[in-house]
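Biologist: I would like to learn how to read a model of this kind, one feature at a time. Could we begin with confidence and then turn to charged side chains?

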Amino acid sequence: MQNGAEIYRVEESMQFLLAAYGCVESEVFAIPALVMLNIPGEERNYTKMARVRTSSLNLRRLYLLNALCRDLCRETPDLDEAERRFAAIMEEPLHTPLVNFLTHGLVAFFFTLFWGGTLLDALVAFSCGLIVQKMVAFMNRVLANIFFTNLITSLLLAIPPVALSVVGAGVHVDKIIIGTIMLLVPGIAITNVMRDVLAGDFLTALTRFAEVLIVAMGISIGVAMTITSSRVLVGWLL
């Protein structure tokens, strides 16, 4: 769940693991913020809840965890060995800061070209992509919620193109901002909303849809604050 898995994948993985280790009858309930497990016994039920406080997207770790689940169901090793394999996956280092910076910059660079920007626009967007990476990492460290993360990040990423436009650099502000905010647009979350609706998981779909709306609000308000502030400031100076 913390690495971007779909709800059905979380529930099915838990049920398959429990069945492989002898708990055939089990009940699993998951939403983006909570996972609940109940195992009925002869005299009492065993219930466990886990609060999911952070969520991101890590497709490699998601792939490895999914493969681990299949291996455990097939081989059913002892719990110590299973925990050792799980710990090895979780301790695997993520991308280096340099790779993160380059990927954010290049995504903004090429999306700006895709939306019709010039080479100068793409170069400015590259620097804006670096701002996005730095701010998202910082906001995650201070445990800021997704609204303020996207609001402050979009506010700051809009400053370079707006400032260059004010001084007459001849850049296309709209192309740069649109190309850069593609880093913040929750495309996979939108796709999962539609998938959850088709699967009948309406509670999860509503939760994810609310998250998408909050992210969109944060992005739009942040960009609007920068553009409006620049116009007010230029009008005051003139």
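Biologist: Which helix has the lowest mean pLDDT, and which the highest?

Modeller: This is a predicted model, and the protein chain averages a pLDDT of 89, with 99% of the residues scoring at least 70. Among the elements of the chain, helix α9 (residues 187-199) has the lowest mean, 83, while helix α8 (residues 173-181) has the highest, 94.

Biologist: How many salt bridges does a search of the whole structure find?

Modeller: Side chains of opposite charge can pair when their charged atoms come close. The search of the whole structure finds nine salt bridges. One of them joins R85 to E75, at 3.0 Å from N to O, and this pair links distant parts of the chain, since R85 belongs to helix α3 and E75 to helix α2, ten residues apart. R85 also forms a salt bridge with E81, where the closest N and O atoms are 3.1 Å apart. E81 and R85 are separated by about one helical turn, because they stand four residues apart in helix α3.

Biologist: What is the nearest side chain of opposite charge to R61, which is buried yet has no salt bridge?

Modeller: That side chain is E92, 6.4 Å away, whereas a salt bridge requires the nitrogen and the carboxyl oxygen to lie within 4 Å. R61, found in helix α2, does have a polar atom of its side chain 3.2 Å from the backbone oxygen of M90.

Biologist: Which residues make the nonpolar surface patch?

Modeller: L98, L102, L106, F110 and L113 make a patch of about 460 Å². L102, placed in helix α4 (residues 97-114), is partly exposed, with a relative accessible area of 40%.

Biologist: Where is T76, and what is its phi?

Modeller: T76 lies in the loop between α2 (59-75) and α3 (79-90), and its phi is positive, about 45 degrees, although T76 is not a glycine. At 35% relative accessibility, T76 counts as partly exposed.

Methods
Residues numbered from 1 in each chain as written. Predicted model: local features only at pLDDT ≥ 70, side-chain atom pairs only at ≥ 80, totals over all residues. Heavy atoms only, no water. Helix = DSSP H or I, 4+ residues; strand = E, 2+ residues; numbered from the N terminus. Buried < 20%, exposed > 50% of the residue type's maximum accessible area, 1.4 Å probe, protein only. pLDDT = per-residue confidence, 0-100. Patch = residues over 30% accessible without salt bridge, like charges linked within 9 Å, V, L, I, M, F, W, Y side chains within 5 Å. Areas by Shrake-Rupley, 256 points an atom, 1.4 Å probe, with all protein chains shown as cover. Lys, Arg positive; Asp, Glu negative; His and termini not counted. Polar contact = N/O pair within 3.5 Å; in protein donor to acceptor, adjacent residues only side chain to side chain.
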